[in-house]
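Thanks for coming. I have one structure to go through, and I will keep it brief. Please have a look at it before I start.

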Amino acid sequence: MVRLILTEDYEALCRSGADFLAGVIAAKPDAAVVFPTGETPMGIYRELAERLRRGEIDATRLRVFQLDEYLGIPPDDHRSLFRWMESALISPLGIPMTNVVRLSVNSSDPEAACQAYDEAVRAVGGLDLSVLGLGPNGHLGFNEPPSKPDSTTRVVELTEESIYSNARYWGARDRVPRRAITAGMDVLLSARQVLLVVSGEHKRDILHRALEGPVTPDVPASYLQLVPDVTVLADRVAWGPERVR
Ligand code: F6R
């Protein structure tokens, strides 16, 4: 079932997202959670770091799983999604690296690295929570369209749309890596809870297609309609002021 929380603006979305995550941490301090990078969750992470500074939360026992990563880039490349996650979330929240499962994109055997990731998820008994952003083409992580719900963690080719939308981080389209590893749809959708965060008018069309359109591999996020416990946190401009569900 999808529960929709609409907020007035992005600031309210961030407070609401931080409330949600604080609730998860309070209920299970060592929850296993996959977290996204991208623009949308950044304010939520800042809000969590602020709450940590005020002594309101303790996230140090969280077990963090990386959602996705470009394939073949050096481990310390500042444009890697891991470095982004480290500087935006892991380090500000004081989460020890021993609690972090990283996608190993420099391995000579990426397929084995994918299997090791899925094994690490199984070893903790599955994810407690998938925190996800919504791609402009309906992707979850780098599960690009078409992606089936049972797809495992794997190497993927990025679509033109994702390359275009990530070009801002790389300076030009032709510098964006063409391949990535993504946590599989299977891992993300079988988490005990899912939190999808969506902000901005440019996401309106894809958000409605994901939640109200046909469930199809062409819109990977549409599979959220079949997941038992999904919270969609969207600001009013993302949902559309005139549209009531
Ligand atoms: C990020 C990721 C992507 C983003 C999505 C939305 O790790 O996997 O799926 O969540 O592309 O990105 P933003 O939030 O920048 O609109």
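In which helix do E47 and R51 both lie, and how many residues apart are they? Before I answer, note that this is a predicted model. The helix is α2, which covers residues 42–53, and the two positions are four residues apart, about one turn of the helix. E47 and R51 form a salt bridge, with 3.0 Å between the closest N and O atoms. For the structure, the count of salt bridges comes to 14.

Now the ligand. Where does the ligand sit? In the largest pocket. The shell around it is made up of 14 residues, and the closest are E39, T40, D68, H139 and K203. By class, that shell has seven polar residues, four charged and three nonpolar.

For D68, a polar side-chain atom is 2.3 Å from a ligand oxygen atom. For H139, the corresponding distance from a polar side-chain atom to an oxygen atom of the ligand is 2.7 Å. For K203, an N or O atom of the side chain lies 2.6 Å from an oxygen atom of the ligand. As for burial, the ligand taken alone exposes 410 Å², and the protein buries 91% of that.

One last item, on the backbone. Which two residues does a cis peptide bond join? They are P145 and P146, and omega there is about -5 degrees. P146 is placed in the loop between β6, residues 129–133, and β7, residues 154–157.

That is what I have. I will take questions now.

Methods:
Residues numbered from 1 in each chain as written. Predicted model: local features only at pLDDT ≥ 70, side-chain atom pairs only at ≥ 80, totals over all residues. Heavy atoms only, no water. Near = heavy atom within 4 Å. Polar contact = N/O pair within 3.5 Å; in protein donor to acceptor, adjacent residues only side chain to side chain. Areas by Shrake-Rupley, 256 points an atom, 1.4 Å probe, with all protein chains shown as cover. 1 Å grid on protein atoms, 1.4 Å probe; cavity = no way out; pocket = protein on both sides within 12 Å on 5 of 7 lines; lining within 4 Å. Sits in = over half its atoms within 2 Å of the grid points. Nonpolar A, V, L, I, M, F, W, Y, C, P; charged D, E, K, R; others polar. Salt bridge = Lys/Arg side-chain N within 4 Å of Asp/Glu carboxyl O.
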